[in-house]
Amino acid sequence: MTDVVSQEFTVGKVDAGMAILLSPDHHLIEFPATILPDGVTTGSIINVTIERNQDEERRTRDDFSAIQDAVFHDFSRCPEPPVLSLRAITQTSAIVQWKPLVLHAATVRGIDVYRNEQKLSAPYVPRDATSAKLSGLDVDHDYSVHIAVRTSAGTFRSNPVAFRTHTLDNLTGLCVAFGALSGGPAEQDQLAALLARVGARFTEDLSSDNTHLICTFARGPKYEKAVEWNIPAVSPEFLKACEQNGKVMPAHSYYVQGTAPARLSADK
């Protein structure tokens, strides 16, 4: 439905794209000359019809209300607390993980790791990380770990994850990667069979999940990453000693020259 109003005007002057219109009751308005009919000049008499388009008003009002609702919906929701789980565990380390953070309109300011309710200065956890590795833990010891995500909308704590580190005779926590070996693929196959016998595993690529890098030579991309990530690079004799003794042997006796891991490392 529209309301229509029509008014007669006399064109008083047309100049610089504007027309001066005079009404019979001596009201004066400025009007864009570009939308006047062709041939209109000073002295012409025109009728200006104005219609109120309520349908368009209603549509515009509805569109604006929809934008307001969308803004309220997007910016009124709080970030969701992270859900923590245990991904891997060894005698002296553990890896906890969480799904990508659901922040809605908030931004991450930092992720803190807590062990037995004590905030750790390490590992440093990048804002976009989905896991963290804790090293330097005591053998056969109980721990509780949670994370706290600091955001622009506040701090959100995860559920705690309780676990017990492995005993020395539990070899299932070993997860190695292979570097440069003097025996080549044949030696790697033999070591893979050894890992299967003791219930351990290996990965093709090196990541923070790995407990050791097995290599003969201190070179290559994997070795460089192991040094950067504080992963012990040890000789194949380490795995043979673990199987022979039925327990995880101290890595320092089998270091390939140049590696000495730190106690804590972050998710890579």
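Helices (H or I, at least four residues) and strands (E, at least two) are DSSP runs, numbered from the N terminus. By that numbering, A16 is found in the loop between β1 (2-15) and β2 (18-22). The model is predicted, so local features need pLDDT of at least 70 and side-chain atom pairs pLDDT 80 or more, while totals for chains, interfaces and linings use all residues. Residues are numbered from 1 along each chain as its sequence is written, and side-chain values use heavy atoms, with hydrogens and water left out.

## Backbone

A16 has a phi near 55°, a positive value in a residue other than glycine. D140, in the loop between β9 (131-134) and β10 (142-151), also takes a positive phi without being glycine. The table lists both residues with their relative accessible areas; buried means under 20%, exposed over 50% and partly exposed in between (1.4 Å probe, protein chains only).

| Residue | Phi | Relative accessible area |
|---|---|---|
| A16 | near 55° | 75%, exposed |
| D140 | near 55° | 32%, partly exposed |

Another backbone feature is the cis peptide bond from A122 to P123, whose omega is near 10°. P123 is placed in the loop between β8 (118-119) and β9.

## Helix α4 and its surroundings

Helix α4 spans residues 237-245, and its buried residues are F238, L239, A241 and C242. Seen down the axis of α4, these residues fall within an arc of 160°, so they line one face of the helix; the arc is that of the directions from the helix axis to the C-beta atoms. Contact is taken as heavy atoms within 4.5 Å. The cover over the buried residues of α4 includes β13 (175-178), α2 (184-198), β15 (212-214) and β16 (233-234). Just after α4, G246 has a positive phi of about 70°.

Within α4, L239 is buried, with a relative accessible area of 1%. Apart from neighbours within four places in sequence, L239 is in contact with L174, V176, L191, L194, L195 and I214. F156 lies 83 residues from L239 along the chain, and their C-alpha atoms are separated by 42 Å.

## Aromatic rings

Rings of Phe, Tyr and Trp (its six-membered ring) count as a pair if their centres lie within 6.5 Å; planes under 30 degrees apart are stacked, over 60 edge-to-face and the rest tilted. A search of the whole structure finds three aromatic pairs. One of them is the edge-to-face pair of F238 and Y254, at 6.0 Å centre to centre and 65° between the planes. F238 lies in α4 and Y254 in the segment after α4, so the pair ties together parts that are 16 residues apart in sequence. Both F238 and Y254 are buried.

A charge sits over a ring if NZ of Lys or CZ of Arg is within 6 Å of the ring centre and within 35 degrees of the ring normal. R219 lies over the face of F217, at 4.4 Å from the ring centre.

A cavity is a set of points, on a 1 Å grid over the protein atoms alone, where a 1.4 Å probe fits but cannot get out; lining residues have an atom within 4 Å of a point. Grid points are joined across faces, edges and corners, and a volume is the space filled by probe spheres set on the points.

How many cavities of 30 Å³ or more are there by this rule? The count comes to one. The largest cavity holds about 60 Å³ of space. Its lining includes K133, G173, C175, D209 and T211. β5 (84-89) and β6 (94-98) each supply at least two residues of that lining.

Methods: On a 1 Å grid over the protein atoms alone, a cavity is a set of points where a 1.4 Å probe fits but cannot get out, and a pocket is an open set with protein on both sides within 12 Å along at least five of seven lines; lining residues have an atom within 4 Å of a point.
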